[in-house]
Amino acid sequence: MIQLFSGDGPRSRILALILIAIGLGLAFAPFLFPGVRALETAARICVFIVLAASYDLLLGYTGIVSFAHTMFFGLGAYGVALASTHIGRGFPALGAGTLAGLAAAVALALVIGLFSLRVRAIFFAMITLAVASAVTVLVSQLSALTGGEDGLVYQIPRALGPAMRLDLEIAGVTVTGKILNYYLVFCVALVLFLVMLRIVNSPFGRVLQAIRENDFRAEAIGYRVVRYRVTATCLSAGFAALAGSLWAIWLRYVGPGTTLSFEIMLDILLMVVIGGMGTIWGAAIGAVLMVLAQSYLQGLMGYAAGASEAMPILSRLLDPDRWLLWLGVLFILSVYFFPTGIVGRLRARAAR
Amino acid sequence: MTDTLLDTKDLSVRFGGHVAVDAVTCGFRAGELTAIVGPNGAGKTTYFNLISGQIAASAGKVRLEGRDITRRGVSERCRLGIGRAFQLTNLFPGLSVFENLRLVVQAKRGRGTSLLRLAGADREVAREAEAILSQVRLEPFAAQPVSELSHGNQRKLEVALLIALDPLVYMFDEPTAGMSIDEAPVVLDLIAGLKARADRTILLVEHKMDVIRSLADRIIVLHNGALAADGPPAEVMASAVVQEAYMGRELDHG
């Protein structure tokens, strides 16, 4: 099906199996992995797959480094949060907030792009950093509107909340509004992902790759490079905003820490690099690995620390508080051994 | 002259105090291959850059079919019909040979803006790219990334990209530089084949005299950025002034 849809398959049997496993795992997550924690993780994976893929559109396909991706993510999230707060609980608020966030993100990306992409790619990176920092500060200062550091807590339609229970049980799990909410997130994320996969394989997407490879020559064969770069920036911002709206619908809470923080920006960057830049599929794999590591590495380490109590140094190294250290070690190893990312590595293997 | 495709009028560019191209006025007719010669640093490549738009002129005009294009950008000049192959190979290294050509055909046909169609599904573009691929005999390498290609084949592809673009003005900047003796003729045959197109004009920067002798209808000589000679090959090459002052020893060997 995916082959028909974009013509850009995994091109490696191992990769295909991994992707099918991820797809099935996410599609049946509420029933395969019952429990609140697992469902939270699955939803987080769905959202971050879209977010990382939208960043790959920029970084991997167009060769533009941006540090404002979380800002666009945040715009989508705050759009939903503000609309739900002011319009009141309901689907119209979700729709209006999503559209407003999307429009704001695309407009801002257009301005930043037109302003800075004419000059030099490095200039764009710096501008995005400056604008993103300014927006983060602004959001924490404008507490009357945004709730400041505390963020906003709001209500979403009843049908999507845990209190709503259907008289339906599948595989021993009662279907609640939370599960419906999960499927909303999953389905929208799936559609967005497939659309992005389609875009990178379109004539437009190929031009982006040409620009990444050699912008000078792309211009010399007749492509208006600046326009393509600005369009790519706007598209990427739009998809990021949609991911943010999904995240806000799922969390029922929006704050600087969950959407705008620089740590999330780094997470996205690492997801794309570890998964494999310029493949879109890599974003999916990177997002799964990162989110799983963040959610379960600490627990796993606590278990390992307990098991190795006899060896004091090892036990201390495996202390759950050291989980960031080990995450760092994993990153360095993966970038060192898979410079083209997991997808690049697996495809190279399959091509041999 | 009604069939002048491209002409430059008093075209100049200064870099600080240095005049790199100095008031060059010259017309290029359809159906003609003009070789541009001159010692290193004479301003040949800079003159090319001014015509194709990589460098903005300090003074003077560039006209295509009588239309002033001096202030137009690189990509717009390309769409209007000025095509350029580069001295240093300048391809899309991570993409396949076929994709390099496909991108050029896609650019020529103005089909790069579609977001939701599939690039591979455009059979028209693909067929044209395939045709050029076989014309330059690079089919065996179609799926290879350009970065893995030999230097000679990269030069061939460089010329092929320009053929795929099929501009009104073909500009070749030392197309056989660094190619082996048995590889160069393929590229030269391709350029010779283009001369059959009576509605195109070809500009060729070249050092090798045998190449110029076999291809050129006309030679212009640049020296210190200025036009020093202009005429049929035999005449220009025979002129003692040109031989001594501008061509150096290369011509004596040629």
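At roughly what angle do the axes of helix 15 and helix 17 of chain A cross? The structure is a predicted model, in which local features need pLDDT of at least 70 and side-chain atom pairs count only at pLDDT 80 or more, while totals for chains, interfaces and linings use all residues. Residues are numbered from 1 along each chain as its sequence is written, and chains are lettered from A and ligands numbered from 1 in the order in which they are written.

**View 1. Crossing of helix 15 (residues 281-307) and helix 17 (residues 323-337) of chain A.** The two axes come within 10 Å and cross at roughly 120 degrees (axes are lines fitted to C-alpha atoms, for helices over the stretch in contact, and angles run from 0 to 180 degrees between N-to-C directions; helices are DSSP runs of H or I with at least four residues, strands runs of E with at least two, numbered from the N terminus). Helix 15 of chain A is therefore oblique to helix 17 of chain A (angles under 35 degrees count as roughly parallel, over 145 as roughly antiparallel, 65 to 115 as roughly perpendicular and the rest as oblique).

**View 2. An open sheet of six strands in chain B.** The strand order is 6-7-8-3-9-10, with mixed pairing (two strands pair if DSSP finds at least two bridges between them). Strand 6 (82-85) and strand 10 (226-231) of chain B are the edge strands, each pairing on one side only. On average, neighbouring strands are turned by 20 degrees against each other, direction ignored.

**View 3. Strand 6 and strand 7 (residues 169-173) of chain B.** These strands run parallel and are joined by four bridges. B:Arg84 stands opposite B:Met171 in strand 7 of chain B.
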